[in-house]
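Hi everyone, thanks for coming. I'd like to walk you through one structure today, starting with some charged side chains and then moving on to a strand. Here it is on the screen.

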Amino acid sequence: MKSETYDIVIQGGGPVGLACAAWCLQKFPEVSLTLLDRNPINDADLVAGDSRGTALSHGSKLLLDTIHAWPSDCADIHSVHVSQAGRFGRALMKREELDQDALGHIVRYRDIHLTLRLALRAIQAHSPNFVWQQIEANQDLGDIHGRVVVHAEGGLFKTQDWVESGRDYQQSALVGLVEVEKAIPHQAWERFTPEGPLAILPSHFGPHTLNLVWCASPDASQARLALGDADFLRSLQTAFGSRVGQFLKIRDRRLYELGLNYRKEITSGNEVWIGNAAQALHPVAGQGLNLGFRDAYLLAEKLSMLFSLADAQKTPAAIEESLHEYAQSRKVDRMATIGLTDFMARIFTSDLVPIVLARGLALSALQWLPPVKTALARQMMFGRR
């Protein structure tokens, strides 16, 4: 392979890498950019891929709409009920309180991936200096150079090839689809149990089939994965209660290990890390991919401004300074989101009496202090600016 140099090299063809490429090209179509994608060339190979429901905020929808990359097949969240099992304290958030069409959305991961691929292909038609390269898993990238290198290959916790800061929560998430007796359309449930968060979320299958995310210790989660359907449903009923009536069916059970990894510095020289390559979060409150999209959008904004300048102004020093400015602009949002999810993942699994009382009071205060509830909801929807 001959040596090639581009203005921007994006490593990673998952949703965050695809979105970053699309936004860069939308904002400056003439930029010299290559996307290095390890995923299958054929879209059909992704259709049978990751079908787990992923939470996207309304803020992410507004961003993805700018590149026509919003999946048509999704479930909207109009209200969120938060409570702790067997303890006092609850809060109910409604879209009307924030004057929004929805508080969030549940989309299958593969649908986000495929829709972003289609959106990028449409933009590619008007981007003369864009190269989309399919690469092998272990391919040497030594002959591909970028004036800016964007790392967007994140992976899941414990599959990542980097560990800098964070913690192992000693939890696994058991995900699947459950059929329920008494559905409330567009309602999401976040139930905190002594073992960890238990979420029941809308799905594109309709109001009676919901996404399940059940966090607990790896041993307990593995044991539940091995249960027969009837025993599993009884265990789930005991943990969740009767707010949606009886749990009738379960399918597509899978496990994911949970933890927190985050880079203290997200830039170094001409390199920058975004999405799960910068921070891998606990799924509580569903903030990980949303934070990644905000990373990608704001980085694209910064890079498109940089590379639209005259050649004499695009020096290595100017590039490094531009990436430093990007990193500084992301600090507040990153730290607020990382801190919030880490706090919730730890505080809601403690069974110490003072903490149990404190979180019950916190949930009650959230319900009866609308400005606090609105501020929290807006953080989850749009991030910290």
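Let's begin with two residues, D333 and R330: D333 is buried, and R330 is buried as well. Please keep in mind as we go that this is a predicted model.

How do the side chains of D333 and R330 meet? They form a salt bridge, with 3.0 Å from N to O. Both residues sit in helix α9, and they are 3 residues apart, about one turn of the helix.

D333 also has a salt bridge with R294, at 2.7 Å from N to O. Here the pair links distant parts of the chain, 39 residues apart: D333 belongs to helix α9, residues 316-347, while R294 belongs to helix α8, residues 288-307.

For another example, please find R95 and E96, whose side chains meet in a salt bridge at 3.6 Å, N to O. Where do these two stand on accessibility? R95 counts as partly exposed because its relative accessibility is 26%, between the cut-offs of 20% and 50%. E96 has 56% relative accessibility, which is over 50%, so E96 counts as exposed.

Stepping back for a moment, how many salt bridges does the structure hold? The count is 19.

In β11, both faces are covered. On one side you can find Q187, W189, R191 and T193, on the other A188, E190 and F192, and all of them are buried.

So who are the neighbours of β11? One is strand β5, residues 79-84, which runs parallel to β11 and is joined to it by 6 bridges. If you'd like a landmark there, look at H81, whose bridge partner in β11 is W189.

Another is strand β12, residues 196-201, which pairs with β11 in the antiparallel sense over 5 bridges. As a landmark for this pairing, E190 stands opposite A199 in β12. What do β11 and β12 form together? They make a hairpin, with 2 residues between the strands.

That's my tour for today, and I'm happy to go back to any part of it with you.

Definitions and conventions:
Residues numbered from 1 in each chain as written. Predicted model: local features only at pLDDT ≥ 70, side-chain atom pairs only at ≥ 80, totals over all residues. Heavy atoms only, no water. Salt bridge = Lys/Arg side-chain N within 4 Å of Asp/Glu carboxyl O. Buried < 20%, exposed > 50% of the residue type's maximum accessible area, 1.4 Å probe, protein only. Helix = DSSP H or I, 4+ residues; strand = E, 2+ residues; numbered from the N terminus. Pairing = 2+ DSSP bridges.
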